[in-house]
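Here is a short briefing for a first look. Keep the sequence and the structure open side by side while reading.

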Amino acid sequence: MGLRLLVRSCWASRSDGDAVYDFDQTRITIGRGRGADVLLPHRAVSIRHATIEHGAKGYTIVDHDTTNGTRVQGARIVPGRDKPLRDGDRIDLGGFTILFRADVPVGRGASSERTASLARRLARVSLDEPTSAPRPCVTVLNGPSEGRAFPLPDPPARLTIGRDDACDLPLADADLSREHAELEVGLDGVWLRDLGSKNGVFMGELRIDERLLDDRDEVQLGSSVLRFEDPVSAVVAALEDGEDVEVETPGWEEPEPDPAPVPVPVGAAPPPARPVNRSANAVAPADMVIYVLASVVFALSVLGLIWLFRSG
């Protein structure tokens, strides 16, 4: 059992969902400085902002006397004093909202590569114009395609690399298998996986089956060397030092759902403009006029017949 933190940027004009951090350790650091377990890329977050720790009395969080403070369930906590945490508590700090989940089953814990990848994702959606943020890409460093860059699409996406022209990233390399490897672009980063190739995928001297790529990673497939680059990493690196910014930090607000439309049966007649509440024995005004006229005609006919009999 471990700890799960669901992180969302409140600076974002859109949401790609929560960044999910799983931990099986007893101490988790949060901040924008290098080495933080949860790296939040914004100057409203202090370099060393808060620490979550598990002890004899359960989980607690402490704020390290930060510029913009830390809130638990909407209440600002006292700096330097442990604040108990309960499963489901919401933590707000520096324009980020963190949902705290305790004692959950975790598989692969958060690695430094994944922490860096999630920080780049949070930085990308927090930019003033997130749609104009530079995309991650793969660049070929040697061979006939040297210098060619392949920008990666938004997640989720899968791209195959190989010598077959049908691949998403085809390379003229006889040492590549037809479908050599794949790139899986997900919310938590870009994974490189070997597709059972003959000559393998290498990072340096190490043959790898799969790897979450970090910025500037270089990998060899066959005779081809590729470099993964995520330009937003420069934004994250620039935020790891310098002074905090004291601001009114935003909080997350769930959008109100649109009212559900009232279903109208297909082919149904439109409702009357003025509903009529009529009993079974009620008579409409037009019907009443016809009834009166018919009664008058009938009475005149009877009187006429009586007059004829008397005169005869």
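The model is a predicted one. The chain runs to 312 residues, and 39% of them are buried. Among contacts with a separation of 6 or more, 49% join residues 24 or more positions apart.

**The largest nonpolar core**

- In soluble globular proteins, nonpolar side chains tend to be buried together.
- The largest nonpolar core of this model holds 26 residues. Leu 5 and Ile 52 have the most contacts inside this core.
- Several strands each supply at least two residues of this core, including β1 (2-9), β2 (19-23), β3 (27-31) and β5 (50-55).
- The largest share comes from β11, with 4 residues.
- Which residues does Ile 52 touch, leaving aside those up to four places away in sequence? Among them are Leu 3, Leu 5, Ile 28, Ile 30, Ile 61, Leu 85, Ile 91 and Phe 100. Ile 52 also touches Thr 26, Arg 27, Tyr 59 and Thr 60.

- A second, separate core has 23 residues. Val 140, Leu 183, Leu 192 and Phe 228 are included in this second core.
- Rolling a probe the size of a water molecule over the atoms shows where empty space is left.
- The structure has 2 cavities of 30 Å³ or more. The second largest cavity holds about 40 Å³ of space.
- Lining residues of the second largest cavity include Leu 183, Leu 192 and Phe 228, and these three also belong to the second core. Val 138, Ile 161, Leu 213, Val 219 and Leu 226 line this cavity as well.

**Cysteines**

- Cys 137 counts as buried because its relative accessible area is 14%, and the cut-off is under 20%.
- Cys 167 is also buried, with a relative accessible area of 6%.
- A disulfide needs a pair of cysteine sulfur atoms within 2.5 Å. By this rule the model has 0 disulfides.

**Loop residues and their neighbours**

- Leu 176 sits in the loop between β15 (169-170) and β16 (181-186). Is Leu 176 buried or exposed? Leu 176 is buried, because its relative accessible area is 2%, where under 20% is required.
- Leu 176 touches Gly 162, Arg 163, Leu 171, Leu 221, Gly 222 and Ser 224, not counting residues up to four places away in sequence. Leu 176 and Arg 163 are 13 residues apart in sequence, and their C-alpha atoms are 5.8 Å apart in space.
- Asp 165 lies in the loop between β14 and β15. Asp 165 is exposed, with a relative accessible area of 70%.
- Asp 165 and Glu 179 are 14 residues apart along the chain, and 9.8 Å separates their C-alpha atoms.
- Leu 127 belongs to the loop between α1 and β12 (137-140). At 25% relative accessibility, Leu 127 is partly exposed.
- Leu 127 and Val 232 are 105 residues apart along the chain. Their C-alpha atoms are separated by 9.9 Å.

**Backbone exceptions**

- Most residues other than glycine have a negative phi, and most peptide bonds are trans.
- Which peptide bond is cis, with omega near -5°? That bond runs from Pro 155 to Pro 156. Pro 156 is in the loop between β13 (149-151) and β14 (157-162).
- Asp 103 is not a glycine, yet has a positive phi of about 55°. Asp 103 is placed in strand β11.
- Arg 216 is not a glycine either, and has a positive phi of about 75°. Arg 216 is in the loop between β20 (210-212) and β21 (218-221).
- Arg 216 is partly exposed, at 47% relative accessibility.

Definitions and conventions: Residues are numbered from 1 along each chain as its sequence is written. This is a predicted model: local features need pLDDT of at least 70, side-chain atom pairs count only at pLDDT 80 or more; totals for chains, interfaces and linings use all residues. Side-chain values use heavy atoms; hydrogens and water are left out. Buried means under 20% relative accessible area, exposed over 50%, partly exposed in between (1.4 Å probe, protein chains only). On a 1 Å grid over the protein atoms alone, a cavity is a set of points where a 1.4 Å probe fits but cannot get out, and a pocket is an open set with protein on both sides within 12 Å along at least five of seven lines; lining residues have an atom within 4 Å of a point. Grid points are joined across faces, edges and corners, and a volume is the space filled by probe spheres set on the points. A nonpolar core is a set of buried Ala, Val, Leu, Ile, Met, Phe, Trp, Tyr and Cys residues joined through side-chain atoms within 4.5 Å. Contact means heavy atoms within 4.5 Å.
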